[in-house]
Amino acid sequence: MRDVDGKVLTHCGAGAGYRVLELELGELADEARPGQFVHLRVPGLEPSALRRPFSIYGAKDGVLRILYKTVGRGTAAMNRLAPGDTVRVLGPVGNGFPCECAGTPFLVAGGYGVAPLAFLAGRLPRKGVVFIGGRTAADILARDDFERLGWEIRIATQDGSLGESGLVTVPLDRELAAVTAVGGTAELYACGPDGMLRAVGERAIKHGFKGWLSLDKHMVCGVGACLACVQKLRRADGEEWLGRVCVDGPVFESREIVW
Ligand SMILES: Cc1cc2nc3c(=O)[nH]c(=O)nc-3n(C[C@H](O)[C@H](O)[C@H](O)COP(=O)(O)OP(=O)(O)OC[C@H]3O[C@@H](n4cnc5c(N)ncnc54)[C@H](O)[C@@H]3O)c2cc1C
Ligand code: FES
C-alpha cells in the first residue's frame with residue numbers, strides 16, 4: 001500500500017451527479033486489482049477532515065480512474081478538481097475480487113457499484129453477463145465499458161425509465177434459472193447497496209454458486225486501525241467474528257456475511 005500524490009489528468013461528467021476522475025499515480029495504479037479501493041484526501045477540506053474511500057474503476061499504465069457520485073461535502077469539494085491539481089491517495093487498499101471463476105461470471109451492480117465491476121470485467125478470464133440496476137436511467141452507468149468488452153448487458157430501473165421495470169434481481173433470477181436449467185454454473189460478483197448485496201448473496205447460496213459481495217461501510221482510517229468499519233462474519237466452522245471491511249474486505253463470500 002502506498003500513500004502518494006496523484007496528478008489530476010482529466011475530470012469529466014458521467015451523467016446526472018456522477019463524475020469520472022483520472023489520476024496519474026504510477027506504481028499505485030499498476031498494482032491495483034479489481035475490487036480494491038483508494039482512500040482520497042480531498043483538497044479544499046480542513047486538514048483534519050477524513051479521507052474518502054472510492055473503488056477503482058480502472059487502472060492502466062500508471063493511470064487510475066474513479067467513478068463517483070456527489071452526495072455530500074467531500075464529493076462536492078472533489079467536483080472542483082481540475083487537470084493539473086494534486087490529490088493525496090492511499091492505496092490500493094483491501095483484498096479485491098478473486099479473478100479466476102468456476103462458471104459464467106454474473107456481475108450485479110447498483111449505482112456507482114458498477115465501478116469495480118467494470119474493472120473486473122476486463123480482468124476475468126471469460127466474458128459473462130452484467131446486470132446493472134438503478135433508481136432511474138441516470139443511475140445506469142458504464143454501459144459502454146461492458147459493450148466494448150463484449151459482455152451481455154441486462155438493465156433494470158425502479159421507475160422503468162430504462163431497461164426492465166423493477167429491481168435488478170428480476171433479470172438476474174431469469175438468467176440464474178436459465179443457467180441451472182441446462183446444468184450450468186455461474187459465479188456471482190456484486191457491488192451496490194446492502195439490500196441488493198443481501199439479495200444477490202441469498203441467490204448465490206440458494207443455487208450453490210459462489211457469490212462475492214463488495215461491502216460499502218463508512219470508513220475512518222482505511223488501514224485497519226480504528227474498527228469503524230467492522231462487519232459480523234462467519235468462519236467455515238460457524239464461529240462468528242468482527243472483520244474490518246477496509247483490510248479484511250471489502251469483498252466477502254456470501255456465506256461469510258452475517259446480515
Ligand atoms: C470500499 C468503498 C468503496 C466506495 N466506492 C465508491 C465509488 O466507487 N464511487 C462513489 O461515488 N462512492 C463510493 N463509495 C462511497 C463514498 O466513499 C462516499 O459516498 C463518500 O465518502 C461520501 O463523502 P461525502 O463527504 O461527499 O459525503 P458525506 O458528507 O460524508 O455524507 C453524505 C451522505 O452520504 C452518505 N455516505 C457517506 N459515506 C458513505 C458510504 N461509504 N456509503 C454510503 N453512503 C455514504 C452519508 O451517510 C450521507 O447521507 C465507496 C465507499 C466504500 C466504503
Ligand atoms: S476504517 Fe478504520 S479499521 Fe476500517
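## Two helices, α5 and α6

In this predicted model, helix α5 passes helix α6 in a right-handed crossing, a term used when the near helix is turned clockwise from the far one by less than a right angle, anticlockwise being left-handed. The axes of α5 (residues 169-181) and α6 (residues 194-207) come within 12 Å and cross at roughly 15°, where axes are lines fitted to C-alpha atoms, for helices over the stretch in contact, and angles run from 0 to 180 degrees between N-to-C directions. The two helices, α5 and α6, are therefore roughly parallel to each other, since angles under 35 degrees count as roughly parallel, over 145 as roughly antiparallel, 65 to 115 as roughly perpendicular and the rest as oblique.

On the α5 side the contact involves T169, L172, L176 and T180, which meet A199, R203 and H207 of α6; two residues are in contact if their C-beta atoms, placed from the backbone, lie within 7 Å. By class, the residues of this contact of α5 with α6 divide into 3 nonpolar, 3 polar and 1 charged (Ala, Val, Leu, Ile, Met, Phe, Trp, Tyr, Cys and Pro count as nonpolar, Asp, Glu, Lys and Arg as charged, and the others, Gly among them, as polar).

## Basis of the model

Residues are numbered from 1 along each chain as its sequence is written, while chains are lettered from A and ligands numbered from 1 in the order in which they are written. Because the model is predicted, local features need pLDDT of at least 70 and side-chain atom pairs count only at pLDDT 80 or more, whereas totals for chains, interfaces and linings use all residues. Helices (H or I, at least four residues) and strands (E, at least two) are DSSP runs, numbered from the N terminus.

Within it, β9 (residues 129-134) and β10 (residues 152-157) pair in the parallel sense over 6 bridges, and G133 stands opposite A156 in β10.

## The antiparallel sheet

Another open sheet is formed by 7 strands in the order β4-β3-β7-β1-β2-β6-β5, with antiparallel pairing. Its edge strands are β4 and β5 (58-60), each of which pairs on one side only, and neighbouring strands are turned by 35° against each other on average, direction ignored.

Strand β1 (residues 2-13) is joined to β7 over 6 antiparallel bridges and to β2 (residues 18-24), again antiparallel, by 6 bridges. K7 has T86 as its bridge partner in β7 and stands opposite E24 in β2. The hairpin of β1 and β2 has 4 residues between the strands, and there G15 takes a positive phi near 100°. Strand β3 (residues 37-41) runs antiparallel to β7 (residues 86-93), with 4 bridges joining them, and L40 stands opposite V89 in β7.

How values were computed: Pairing = 2+ DSSP bridges.
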